[in-house]
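Here is a short report on a single protein model. It moves from one residue to its surroundings, then to the whole chain.

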Amino acid sequence: LAGLKDLDAAVSDIDDAIEMDPQSAHSFATLGMMRISKGQPAEAEAAFKRAVEVDPRSPDAQLALAYFYWSSGRPGDAEAPAKRAVELDPKNVLALRALAAYYASVGREKDAEAPLKALVVARDTAASRIALADYYVQMQRAPEAIPLLKAAAEHKESLDAATIRLASIAFEQKRAGEAYKILDDVLARTPKNAEALDMKARFLMREGNGDAALASARAAATADPKSVIAQYVLGTIYNARGNVDEAIAAFAEAVRLNPGAVVAKAELAQLQLRRGDARTALQLSQEVVRQAPQDPGALLLMARAQAGSGDTKAAEDKLKELLQKNPNSVQLHLEMAALQLSKDRAGARKEYDRAFDLDPNSVAALAGLIALDLSDKNPAAARASVEARVRKSPNDPTVLLLAASTYAALHDEA
């Protein structure tokens, strides 16, 4: 019932999720993305349905039912009431936003264009233009976004938001100098603009300027302590710099601010696993899977956490399930090989061979096979394999490091 009162915040959560990771937006269409109260789902569903029966012409009642289905991990059931809400009131801004967000979150991005265009017609505001522009950027259609953003920039209240997006487009189009100039102009007007500081941090990090990126990300988090995006960007930069504890703290804060931030929660689980806290990693990965039950990355994360916790049987079962759906995944074969090493060396070799067949350039697969050759007392095979690869890729640092490690294992110090 609380959902009836905060639909707008729910859609805003979806918008944050998509901004954090546009390529994995579908993972946000499930439990936790929109903060539905825990407790009695059957009774809640009955109440939402009753609301529709009592007032079948109410867009809000239809949206509330869609919201319930969406947030309960039943996105397929959410489409009909969401579309019905738009049919009842074609100019209902919240209904149009919700329907567009729904399509984006379930991987039907092309279907999101129509309600976003209708939103501009229904309420031709800077905000609606920016929403449509964001869609075009995510769909790699930046030229269509630019005029919308320039129009939005003519309004004082949306000047900064629109120009920040124009800076992002400029950067992606290899016009970095112009992108920084746009952001600097925004920051000259509003020095504590968290969105501009975050964007600048991302630019700097991509250009390899880690110190300046970190300073900008910290400034963003300070300027807006309640920004999930700011904490996520800060965590990403700390992680890239190898500052594990600081990255964990930032991602944990992002999750605290929005428990449905699946991408931040997955990053947090990965870091806990790397730090050796498999128990916490497993708990987090289980939450991620509950929120994104069909996401292969979430399931793989859970398998890794299960293996790290000592439950190799559960991890193996999960990997087998994933391999059935993705038999040509090099990464999954490598994961299975690593899991098999301690108990079934022949099985591990088979998995490494399969990964190598799928990707002859996989250094990880080659490293696994060489490690098996060395432990099987077959140094000639190990040497032959690594030398063949060095001849093929004489300037690849990863290959050269593998060769050095192999020679060291063979006691060939020179």
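K200 is found in helix α11, residues 194–206. Helices (H or I, at least four residues) and strands (E, at least two) are DSSP runs, numbered from the N terminus. The model is predicted: local features need pLDDT of at least 70, side-chain atom pairs count only at pLDDT 80 or more, and totals for chains, interfaces and linings use all residues. Residues are numbered from 1 along each chain as its sequence is written, and side-chain values use heavy atoms, with hydrogens and water left out.

K200 is partly exposed, at a relative accessible area of 22%. Buried means under 20% relative accessible area, exposed over 50%, and partly exposed in between (1.4 Å probe, protein chains only). Setting aside residues up to four places away in sequence, K200 touches Y180, L183, D184, L187 and S216. Contact means heavy atoms within 4.5 Å. K200 and Q340 are 140 residues apart in sequence, and their C-alpha atoms are 44 Å apart in space.

## Helix α9

How many of the 14 residues of α9 are buried? The count is 11, so α9 is largely enclosed by the rest of the structure. The buried set is D160, A162, T163, I164, R165, L166, A167, S168, I169, A170 and F171. These residues pack against α7, α8, α10 and α11.

The length of α9 fits expectation. At 1.5 Å a residue, its 14 residues should span 20 Å, and its end C-alpha atoms are 20 Å apart, which agrees. The expected span is 1.5 Å times one less than the number of residues in the helix.

## Two positive phi values

K174 follows α9. This residue lies in the loop between α9 and α10, the latter being residues 176–189. K174 is not a glycine, yet its phi is positive, near 65°. Is K174 buried or exposed? K174 is exposed, with a relative accessible area of 75%.

Q140 sits in the loop between α7 and α8. Q140 has a positive phi of about 60°, and it too is a residue other than glycine. Q140 is exposed, with a relative accessible area of 67%.

Helix α8 covers residues 142–152, and its buried residues are A142, A145, I146, L148, L149, A151 and A152. They pack against α7 (126–138) and α9 (159–172).

Helix α16 runs over residues 278–291. Its 14 residues should span 20 Å at 1.5 Å a residue, and the distance between its end C-alpha atoms is 20 Å, which agrees. Buried in α16 are A278, A281, L282, L284, S285, V288, V289 and Q291. Which helices do the buried residues of α16 pack against? They pack against α15 (262–275) and α17 (296–308).

## A365 in α21

A365 belongs to helix α21, residues 363–375. A365 is buried, with a relative accessible area of 0%. Leaving out neighbours within four places in sequence, A365 is in contact with L334, Y352, A355 and F356. A365 and Q331 are 34 residues apart in sequence, with C-alpha atoms 9.3 Å apart.

## The whole protein

The protein has 23 helices and zero strands. Its C-alpha atoms fill a box of roughly 75 × 55 × 35 Å, taken along the principal axes. Of its 414 residues, 48% are buried. Among contacts between residues at least 6 apart in sequence, 50% join residues at least 24 apart.

## Confidence

pLDDT is the predictor's confidence in each residue, from 0 to 100. The mean pLDDT of the protein is 87, and 91% of its residues reach 70 or more. Where does pLDDT stay under 50? That stretch is residues 24–38, for which the model has 62 contacts beyond four places in sequence.
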